[in-house]
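Please keep the coordinates open while reading.

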Amino acid sequence: MIKLIGILVVALGFAFRFNTLLVVTVAGITTGLVAGYSFNEIITLFGQFFIDNRYMSLPIILTLPVIGILERYGLKERAESLIKKAKNATTGRVLLTYLFIREGSAAIGLNIGGHAQTVRPLVAPMAEGAAAARYGELPEKTKNDIKAHSAAAENTGWFFGEDIFIATGAILLMKGFFDSVGIHVGVWDMALWGIPTAITALIVSWFRFNRLDKRIAREAGGSGNSSSLPKKNDKEEGVL
Amino acid sequence: MHLITLDTLYYLLGIIVAFVAIRVAVDKTHPTRVGSAIFWGIFAITFLFGKQIPPLYVGYLVLIMVIVASIGKVTKSKEEEPDPVEREGHAVRLKNKIFIPAILIPLLTIVGTLTLGKIKFGSVQLVNPENVTLIALGLATIIAFVAAQRITRAKAVVPINEGSRLLQAVGWAVILPQMLAALGGIFSKAGVGDVVSGIVGDLLPTNYAFVAVAAYCIGMLLFTMIMGNAFAAFAVITGGIGLPLIVQLHGGNPAIMAALGMFAGYCGTLMTPMAANFNIVPTMLLNLKDKNAVIKAQVPIAIPVFIINMLLMYFLVYHF
């Protein structure tokens, strides 16, 4: 039981809003100590895992300079104005379309999205633009709601699509686990049985995005300020 | 032998991050010049020399980064946001050409993923097929970068400025995914998973077939939320709960159990701040003040999917 102390540290640390890096480090050190590792052994583990997992930072660091140039030259503005021309576009439909593309391409083994690569420069501005085309200036709260759901579309699509493809990390990990305990399991079996849940995720998201559209209509449409304000919403947009 | 490896890309990342460190170090107006320069400098070192420096020293370097960040000495610079009017002007001038580099990244990543792994020169492979997606992404980004420079005709200093500004806006959270992976690794070395699966197994009447399924799914969900990573939870919870109870005691189908068990874990990933690269880093990228905004958007998706997934497992795992 004492080994769960790290979980307690994380829970308390998050609850009291200490710096997340500090909480994570302290949780790792205390867990290591109660498990009988020396301080230097724990620091060695941190160092080793930090190096082994450098790939996690690769997409974001590598793409930000490119995205930076494109944003400076009006990528977001263009994405917004393009979507405003599509008469039937709503935030929910933009997000559902993205989720569908993301999940479908992941299911055939393609990893084409990402928060830095597509969500920030394209998906979120288009989702916002679709709402702005209908209701004009959006309240801050609504904008944040749309951005958060854009990230949710990315995560949901990727997670539930990825498991359908036989060569992804998840399926290979499961296969490796069963091999190690001497049970034969086919990769196709695992991949195909994932399909009902993958479809469930799509339907649930569709429902949520519909609700988002209704919420936007209520928050932005009801206030009656559509197009009464000059277009000055770009100020905080790009500050990041 | 592989010509292009992840290490090749890590050198590039190291150079990009080093540029950030240098820019911060020479920026006299930076509010936390010393701390931020140390943070980005060390981060650059872990990419450039990560393989050469012994892990113990890397660990202490990381510890310094954590300390500098937690005393509030890593912040963003006062660099100017590009003028919205100027951006609007460029948008009108460049029209849809601005999309070309942005589309090139995913497009070339696909092409690269499908082809790069197959290219060989005698016994020398171009890339390691295991990492082909990441390397394809890396090469796609480099090509997109060249395209972006040509299309916008931006000065060479623009990507450095903008990249530095955006990275500093993400700030210390950029190392959070790596730190959480390290914490997950320490948790599993310390045997935290065995304790969790032991508790679940002891508390619940798992001699009922449905309870076994529920215990496995909930175990995957909770342990993934703790670790921030469904992969780490999988071996522990499947070994501790799934295999002995669902497969061996109740005769369930291991393939179905595993596939749907992993999804139960993913529902956990959608709901935990521990999965920082999916849930916390995006809030920084999207300039959201509420760091839990993405999680809040995902909880109403994750819970229904989790319940339906669990029922699917119960109906499928014992019948096929």
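## Model and chain B

This is a predicted model. Chain B has 15 helices and three strands. Its C-alpha trace spans about 70 × 50 × 45 Å along the principal axes.

Of the 320 residues in chain B, 53% are buried.

## The contact between chains A and B

On one side, 101 residues of chain A take part; they are in contact with 114 residues of chain B. Helix α4 of chain A, residues 58-72, gives the largest share of the chain A side, with 14 residues. By class, that side holds 58 nonpolar, 31 polar and 12 charged residues.

## A helix pair across the chains

Two packed helices are described by the angle between their axes and the distance between the axes. The crossing of α3(A) and α8(B) is right-handed.

From α3(A), the contact uses A:I42, A:L45, A:F46, A:F49 and A:F50. From α8(B), it uses B:Q178, B:A181, B:A182, B:G185, B:I186 and B:K189. The residues of this α3(A) and α8(B) contact divide into eight nonpolar, two polar and one charged.

## A helix pair within chain B

Helices α11 (residues 230-249) and α12 (residues 254-269) both belong to chain B; their axes come within 10 Å and cross at roughly 135 degrees. α11(B) and α12(B) are therefore oblique to each other. Their crossing is right-handed.

The α11(B) side of the contact is B:A230, B:A233, B:F234, B:T238, B:G242, B:I246 and B:V247. The α12(B) side includes B:P254, B:M257, B:A258, B:G261 and B:M262. It also includes B:G265, B:Y266, B:G268 and B:T269. By class, the contact of α11(B) with α12(B) has 10 nonpolar, six polar and no charged residues.

## Annotated regions and A:A35

An unreviewed UniProt entry lists residues 7-35, 55-75 and 190-209 of chain A as "transmembrane region". In the model, residues 7-35 of chain A are 83% helix and 0% strand, with the end C-alpha atoms 14 Å apart. Residues 55-75 of chain A are 76% helix and 0% strand, and there the end C-alpha atoms are 27 Å apart.

A:A35 sits in the loop between α2 (20-34) and α3 of chain A. It is partly exposed, with 19 other C-beta atoms within 10 Å. Leaving aside neighbours within four places in sequence, A:A35 is in contact with A:K3, B:A190 and B:G191. A:A35 and A:D52 are 17 residues apart in sequence, and their C-alpha atoms are 22 Å apart in space.

## Two loop residues with positive phi

Most residues other than glycine have a negative phi. B:R153 has a positive phi of about 50 degrees although it is not a glycine. B:R153 lies in the loop between α6 (132-152) and α7 (157-170) of chain B. Is B:R153 buried or exposed? It is exposed, because 9 other C-beta atoms lie within 10 Å, and 12 or fewer counts as exposed.

B:N287 is not a glycine either, and its phi is positive at about 60 degrees. This residue is in the loop between α14 (281-285) and α15 (293-317) of chain B. B:N287 counts as partly exposed, with 17 C-beta neighbours inside 10 Å.

## B:N309 in helix α15

B:N309 is placed in helix α15 of chain B. It is buried, because 29 other C-beta atoms lie within 10 Å, and the cut-off for buried is 20 or more.

Which residues does B:N309 touch, not counting residues up to four places away in sequence? From chain A, they are A:T197 and A:T200. From chain B, they are B:L260, B:F263, B:A264 and B:C267. B:N309 and B:L260 are 49 residues apart along the chain, yet their C-alpha atoms are separated by 6.6 Å.

Key. Residues are numbered from 1 along each chain as its sequence is written. Chains are lettered from A and ligands numbered from 1 in the order in which they are written. This is a predicted model: local features need pLDDT of at least 70, side-chain atom pairs count only at pLDDT 80 or more; totals for chains, interfaces and linings use all residues. A crossing is left-handed if the near helix is turned anticlockwise from the far one by less than a right angle, and right-handed if clockwise. Helices (H or I, at least four residues) and strands (E, at least two) are DSSP runs, numbered from the N terminus. Two residues are in contact if their C-beta atoms, placed from the backbone, lie within 7 Å. Ala, Val, Leu, Ile, Met, Phe, Trp, Tyr, Cys and Pro count as nonpolar, Asp, Glu, Lys and Arg as charged, and the others, Gly among them, as polar. UniProt positions are given in the numbering used here, feature names are shortened, and annotations may be inferred rather than shown by experiment. Axes are lines fitted to C-alpha atoms, for helices over the stretch in contact, and angles run from 0 to 180 degrees between N-to-C directions. Angles under 35 degrees count as roughly parallel, over 145 as roughly antiparallel, 65 to 115 as roughly perpendicular and the rest as oblique.
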